[in-house]
Amino acid sequence: MPALVEEGRAKVNLTLRVVGRRVDGFHDLESVVAFADCADRLTLEPDEALGLTMEGPLADACGDTSDNLVLKAARLLGERVADLRVGHFTLEKVLPVAAGVGGGSADAAAALRLLARLNELALDDSRIMEVALKTGADVPVCVASRAADMTGVGEGLLPLDLPKLPCVLVNPRRPVATRDVFNALGLRNGELLIGATDVMMQGPSWPESGCAIDEWIAALGRGSNDLEAPAARIEPVISDVLSALRAAGNVRLVRMSGSGATCFAIFADDAAARSAGEALRAAHPGWWVHAGTLS
């Protein structure tokens, strides 16, 4: 059987509200998630043995192969699907690591899609989604890799009809640990953020299908990322990235994604995004910069 290929698209949190911290220590979130047109590439060659090889420009940043979420997802699925067919994965890593764009989660979701294809499983198979959530909070939304309003600890997914948004993603190549950012937020078990009761009692309202980009930008602008401030305290260069993006021409919205350090800017049009991307690469050659679209 020929090798199977899937992409792990970068996940971007356009908004991220921390509702509170549950008694079990996990944080309840509400986040509008979109996906960028940049991605890791995952190949599966069917074989009796499960394995993983990492290559690409950022492969060295991935750490020990045995800890990779691709293998974790595959092993968890194997515990739930009898005689699961597996094989050797090759991951071409181009997305920054520990960067707030769900690179590892997107890779794990790509692995689940590949294994589903190999084993003729539907993506909405309860075992697929159970494994996705157990692998990581961002993995379920990455399985479909389409815009959604994500709630809870990643299990609540409401699809959104998001128009294509011209954007620039910037990562200063400083890894930020998600655990450290949530610790810096400082919530105790069972504690809610101020105003979180309103979020729990009345769900968020986002533009309907077919709405113009301006309506989406206005709606997103009323949101925030509750992790931006604590992440910037841990890694001050995040503030520099945000300032650089805000200084670009024709920018409509600037914010940090996830727990950082990647930040994004939405622009008036594709040309403005490309121009800003070129200027940022020239001014900050050490930063990872991608100009493209979110959808």
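**Stop one: helix α10**

An α-helix has 3.6 residues a turn, so residues three or four places apart point the same way.

Before going on: this is a predicted model, in which local features need pLDDT of at least 70 and side-chain atom pairs count only at pLDDT 80 or more, while totals for chains, interfaces and linings use all residues. Residues are numbered from 1 along each chain as its sequence is written, and side-chain values use heavy atoms, with hydrogens and water left out.

Helices (H or I, at least four residues) and strands (E, at least two) are DSSP runs, numbered from the N terminus.

**Stop two: helix α9**

Hop to α9 and pick Val237, Ile238, Val241, Leu242, Ala244 and Leu245, which are buried. Look down the axis of α9: these buried residues fall within an arc of 160°, so they line one face of the helix. Among the elements covering them are α8 (228-234), β9 (251-256) and α10.

**Stop three: the cores**

Which residues have the most contacts inside the largest nonpolar core? Select Leu42, Leu52, Leu77, Phe89, Leu112, Leu115 and Val141, from a core of 40 residues. A nonpolar core is a set of buried Ala, Val, Leu, Ile, Met, Phe, Trp, Tyr and Cys residues joined through side-chain atoms within 4.5 Å. The largest share of this core, 10 residues, comes from α2. A second, separate core has 31 residues, including Val241, Ala261, Cys263 and Ala272.

**Last stop: two tryptophans**

Finish with the 1 aromatic pair in the structure. The ring centres of Trp206 and Trp216 are 6.3 Å apart and their planes are at 5°, so the pair is stacked. Rings of Phe, Tyr and Trp (its six-membered ring) pair if their centres lie within 6.5 Å; planes under 30 degrees apart count as stacked, over 60 as edge-to-face and the rest as tilted. Trp206 and Trp216 are both buried.

Key: Buried means under 20% relative accessible area, exposed over 50%, partly exposed in between (1.4 Å probe, protein chains only). The arc is that of the directions from the helix axis to the C-beta atoms. Contact means heavy atoms within 4.5 Å.
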